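I opened my notebook to record, entry by entry, what I looked up in this structure. The sequence and the model come first, and my notes follow.

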Amino acid sequence: MNIRNMCAAVLAAALLVLFAAPSPLAQEKETPKVEKEDVKPAASQEVRRAEGEKLLHSLRNYARVAYAKTGSAPKTLTGGNRESGCDAEADDLKGKYCKLHDKVYVVDADNAVLIAEDTAGGDGFAVMEFKWASGDSKVTWYDTLDALKEAHKDLKIEDTSTEADKKDDKKDEAGDTDPWATWRKEGRNWTHELAGGMTMKTSVKNVTEDGCDMETQVFMNGNALTEPIITPLKFTKPEDMPEAPKDAPKPIEKNIECKAGKFDCISYDDGKTWMMKKYIGIVVKGESMELIEFNE
């Protein structure tokens, strides 16, 4: 069977399981005695950004040590000093909420820049400008990567990925050969607007060669209605997955505009539900949901 069709069927089933669960609002009406204190809110922006800045300061020190050892500016955070790296491990670049991009941007002979991204909240990128000699630094947050690029045109930001991300990108490029490309990148996240004014955020976490965890959480007016729901996904081989129904509608393609932007999409239900063509399983527009944010 068509691999995209196969993947869509499996991931659509996962969404059905999620929405088949009792509505948080319905539960609240049926059990009014449940206190809001029982619901733990997601980490605040302040907490997430504090972690990002802590990572920036730590890896700034790695970069300065590499500079002192070699006498020249390193190009990446990971990799050995001989390979123009800072001897940092991939895990050193990641926290619970943020990650650093595996690139050291040299501004001039005296200054350099590191970039952090809020992967949990999906609402910010930080630039740390620092001096090689003294270590004096300044951190500025931007809501989007485009805003960061506009403010720092001199950096020529082309590749902001970590070495682990680059490996994931190669898997993404496989397209039709990998039905699980959507779920192979740590930290990828997207948010849907649902009926009734609710929103649902989905994040990819704990990625391994064999599977990952899909974390979903429902919000109302920015407040968490539930604790994060973790759904383990196993990267099943195509030959082990069920065949699509013989009478399934023929896939159709179209560029769809939503609140998160414009995406090349594909539909397997005659246009009722549109999913990203590149990342099958991420709904762009459906009868009761619309993508409002996507962080690749």
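**Entry 1: a charge and a ring.** Over the ring of which residue does the charged end of R184 sit? I found that it sits over the ring of F235, 4.4 Å from the ring's centre. For this I used the rule that NZ of Lys or CZ of Arg must be within 6 Å of the ring centre and within 35 degrees of the ring normal. I also noted K103, which lies over the face of Y105 at 5.9 Å from the ring centre.

**Entry 2: what I am looking at.** I wrote down that this is a predicted model, in which local features need pLDDT of at least 70 and side-chain atom pairs count only at pLDDT 80 or more, while totals for chains, interfaces and linings use all residues. Residues are numbered from 1 along each chain as its sequence is written, and side-chain values use heavy atoms, with hydrogens and water left out.

**Entry 3: aromatic pairs.** I looked up rings of Phe, Tyr and Trp (its six-membered ring), which pair if their centres lie within 6.5 Å, with planes under 30 degrees apart counted as stacked, over 60 as edge-to-face and the rest as tilted. By this rule the count comes to 6 aromatic pairs. The pair of Y67 and W132 is stacked, because the ring centres are 4.5 Å apart and the planes stand at 10°. This pair links distant parts of the chain, since Y67 is in helix α3 (residues 45–70) and W132 is in the loop between β4 (125–131) and β5 (137–142), 65 residues apart. Helices (H or I, at least four residues) and strands (E, at least two) are DSSP runs, numbered from the N terminus.

I then checked how covered the two residues are, where buried means under 20% relative accessible area, exposed means over 50%, and partly exposed lies in between (1.4 Å probe, protein chains only). Y67 counts as partly exposed at 26%, whereas W132 is buried at 5%. Ring pairs link Y67, F130 and W132 into a cluster.

The pair of Y279 and F294 is tilted, because the ring centres are 6.0 Å apart and the planes stand at 45°. Y279 is in the loop between β13 (274–276) and β14 (283–285), and F294 is in strand β15 (residues 289–295), 15 residues apart. Y279 is buried at 2% relative accessibility, and F294 is buried at 18%.

**Entry 4: strand β15.** Why do I call β15 largely enclosed by the rest of the structure? I call it that because 5 of its 7 residues are buried. Strand β6 (residues 189–194) is joined to β15 by 6 bridges, and the two run antiparallel; strands pair if DSSP finds at least two bridges between them. In this pairing, T191 stands opposite E293 in β15.

**Entry 5: strand β3.** How many of the 8 residues of β3 are buried? I counted 8 of its 8 residues as buried, and both faces are covered, with N111, V113, I115 and E117 on one side and A112, L114, A116 and D118 on the other. β1 is joined to β3 by 3 bridges in the antiparallel sense, and L100 has A116 in β3 as its bridge partner. β3 also pairs with β4, antiparallel, over 7 bridges, where the partner of A116 is A126 in β4. The hairpin of β3 and β4 has 6 residues between the strands, and G122 there takes a positive phi near 65°.

**Entry 6: nonpolar cores.** I used the term nonpolar core for a set of buried Ala, Val, Leu, Ile, Met, Phe, Trp, Tyr and Cys residues joined through side-chain atoms within 4.5 Å. The largest has 21 residues, of which L56, L59, L77, L100, V104, L114 and F130 touch the most other members. The elements that give two or more residues to this core are α3, β1 (98–100), β3 (111–118) and β4, and α3 gives the most, with 5 residues. Apart from this core lies another of 19 residues, among them C212, F235, F263 and Y279.

Entry 7: R48, in helix α3, is buried with a relative accessible area of 10%. Leaving aside neighbours within four places in sequence, R48 is in contact (heavy atoms within 4.5 Å) with residues including Y97, D118 and D123. C86, in the loop between α3 and β1, is buried at 4%. The C-alpha atoms of C86 and R60 are separated by 9.6 Å, although the two are 26 residues apart along the chain.
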